[in-house]
Amino acid sequence: MATARGCHLPDELLYDVPNNMWYREEADGTVTLGMTSVAVALAGQLVAVTPKKPGKPVQAGKSCATIESGKWVGPAKIVCDAEVVEINEALVGDPKTANADPYQAGWLMKVRPAAWAEARATLVPGTAVAAPYEAKMAADGFAGCACAT
Amino acid sequence: MSSPLRVIDVGSVSAVRSQAVYHGVADAMAADGTPVLTLATPAEPYVCIGLHQSLEAEVDTGYCRRAGLPVLRRYVGGGAVYLDSQQLFFHFIWPAARAPRGVSALYAHFVRPVLGAYRALGIPACLRPINDIHVHGRKIGGTGAAQIGAATVFVGSFLLDFDTAAMARCLRVPSEKFRDKLRSSLEDYMTTIRRELGSVPARQGIVAALLAAVRDEFGLAPGADALRAGEQAAVADWEARLLDPEFLQQAQRRRVAAAVKITGGVHLAESVYKAPGGLLRARVLYREGRLQDLDLSGDFTCFPASGIAALARALRGAAVDASLEALIDGHMRALGLDMPGVEPAHLAAALRQALPAEAGA
């Protein structure tokens with residue numbers, strides 16, 4: 001597993017570094033996605049997560065979910081046009097799950113992408129993500145997951 | 001030469017305009033746009049709830065309707081607040097790329113000129129992380145933040161004066177006793193510019209202090225400006241959106257807390273716990289994870305009858321942690337209380353039950 005400034009980044013996932021999102025290809029052609037450990041460290045403890053509903057379309061570069069923490073509200077941005085297939089109801093019920101376990105229990109949604117190959121090409125595999133994430137953290141002035149509150 | 005800061009003071013405006021102005025300016029902002037500070041004062045009182053709050057669970061909508069109080073939902077987090085003409089709103093609207101990324105860093109950054117303005121006015125305000133502004137342990141203002149479009153937004157208000165009774169009246173609470181306690185807790189833990197200074201400076205004096213502090217803290221050159229055509233259209237769009245009953249009444253999206261946050265670290269809560277000997281009702285003011293004040297009541301039996309009030313007094317200041325049950329047991333023994341079907345564990349559970357996670361010890 002790669003680590004950048006104390007933030008874990010599992011090798012088997014794909015990453016949208018600018019938007020702090022991870023993606024996992026599923027055998028049935030769907031894609032599971034969620035917020036990286038960096039995203040939740042930046043946000044702090046989540047108090048609400050509102051994903052778009054199953055069956056709804058989501059647009060590349062636009063919000064697929066609204067998150068709230070510490071009186072901050074912001075979007076989780078998706079990398080591709082897609083249809084929402086399933087949302088993590090357990091995460092909606094207990095948003096802190098994303099802080100505790102961002103890559104497993106804290107997954108956000110499953111989607112069926114419209115043009116996955118094109119979107120996939122813009123993502124960084126986990127085995128190569130440490131360097132670009134380190135560069136982004138430096139540019140953002142982000143101290144690291146252990147220090148963020 | 002300093003970078004510019006567009007200052008758009010819309011003055012005294014309707015309730016919905018006082019919210020729509022920053023939503024619209026943020027939505028219209030380009031990724032490489034010029035930072036904007038908008039200022040507004042609501043001409044009429046209203047209630048404003050956070051993006052993820054449940055309207056009916058948080059607000060006494062029947063009372064608000066009868067009192068003619070508009071209720072609006074904002075695209076910013078946090079809780080329900082009562083807003084009126086005794087508040088001067090400020091909204092820092094920055095291109096996201098020029099704002100800090102982390103939430104804590106964002107608040108620490110944007111609060112600097114606000115604290116500078118308070119100090120210039122003679123009020124030694126400080127940030128109580130994450131996002132409250134305190135003076136001598138009392139809250140003088142809350143702040144909030146959001147990402148809207150390509151902009152990072154930081155919002156708050158200067159509290160010139162505050163009607164605690166009006167705030168307590170418009171929230172939905174479990175009982176009228178709770179409402180009384182809420183009002184007195186707001187009195188105890190909140191303050192205002194009037195309370196700190198004994199009078200309220202002129203609006204233009206507060207604005208001047210804020211702009212001077214922005215210049216000092218951020219090195220920007222504030223210049224008066226007006227809404228541009230694109231911003232006016234975006235503000236109008238947001239007015240329509242904020243007035244849309246569907247947006248206001250959307251289904252609950254956040255678990256309803258059994259507590260009202262008075263300020264950071266201070267929560268008022270009421271819980272009901274079913275013990276074998278009857279229902280226990282605990283109304284508790286938690287402060288930094290401790291029982292600052294509490295009332296215990298219910299339909300259980302207690303000998304002597306006055307003992308339950310004595311127990312509540314004895315528990316003031318107790319930490320809500322693993323030691324609580326033993327502490328209750330000790331006090332019950334010392335007071336000689338006999339409460340059939342009500343054990344120390346039941347009382348401890350009732351006192352823990354409503355403690356919000358963020359208020360924990």
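Mentor: Let's begin with a bridge: B:Val7 has B:Leu37 in β2(B) as its bridge partner. Keep in mind that this is a predicted model.

Trainee: What makes β1(B) and β2(B) a pair?

Mentor: Two strands pair if DSSP finds at least two bridges between them. Strand β1 (residues 3-13) of chain B and β2(B) have 6 bridges, in the parallel sense, so they pair. From β1(B), the chain crosses through helix α1 (residues 15-28) of chain B to β2(B), and this β-α-β crossover is right-handed.

Trainee: In which sense do β2(B) and β6 of chain B pair, parallel or antiparallel?

Mentor: Antiparallel, over 5 bridges, with β6 covering residues 87-95 of chain B. In β6(B), B:His91 is the bridge partner of B:Thr38.

Trainee: Why is β2(B) called largely enclosed by the rest of the structure?

Mentor: Count the buried residues: 7 of the 7 in strand β2 (residues 36-42) of chain B are buried, so the rest of the structure largely encloses this strand. B:Val36, B:Thr38, B:Ala40 and B:Pro42 point one way, B:Leu37, B:Leu39 and B:Thr41 the other, and all are buried. In a regular strand, side chains alternate between the two faces of the sheet.

Trainee: On to the rings. How many aromatic pairs are there over all chains?

Mentor: The structure holds 16.

Trainee: Why is the pair of B:Tyr75 and B:Trp238 called edge-to-face?

Mentor: The ring centres are 6.2 Å apart, and the limit for a pair is 6.5 Å. Their planes stand at 70°, and over 60 degrees counts as edge-to-face. So edge-to-face it is. B:Tyr75 sits in the loop between β4 (71-73) and β5 (81-83) of chain B and B:Trp238 in helix α9 (residues 229-243) of chain B, so the pair ties together parts 163 residues apart in sequence.

Trainee: How do you know that B:Tyr75 counts as buried?

Mentor: Buried means under 20% relative accessible area. B:Tyr75 has 13% relative accessibility, so it counts as buried. B:Trp238, at 4%, counts as buried too.

Trainee: And what makes the pair of B:Phe92 and B:Trp94 tilted?

Mentor: Stacked needs under 30 degrees and edge-to-face over 60, with the rest tilted. The planes of B:Phe92 and B:Trp94 are at 55° and the centres 5.8 Å apart, so this pair is tilted. Both residues are buried. Ring pairs also link them into a cluster whose members include B:Phe90, B:Tyr107 and B:Phe218.

Technical notes: Residues are numbered from 1 along each chain as its sequence is written. Chains are lettered from A and ligands numbered from 1 in the order in which they are written. This is a predicted model: local features need pLDDT of at least 70, side-chain atom pairs count only at pLDDT 80 or more; totals for chains, interfaces and linings use all residues. Side-chain values use heavy atoms; hydrogens and water are left out. Buried means under 20% relative accessible area, exposed over 50%, partly exposed in between (1.4 Å probe, protein chains only). Helices (H or I, at least four residues) and strands (E, at least two) are DSSP runs, numbered from the N terminus. A crossover is right-handed if, with the strands pointing away from the viewer, the path from the first strand over the helix to the second runs clockwise. Rings of Phe, Tyr and Trp (its six-membered ring) pair if their centres lie within 6.5 Å; planes under 30 degrees apart count as stacked, over 60 as edge-to-face and the rest as tilted.
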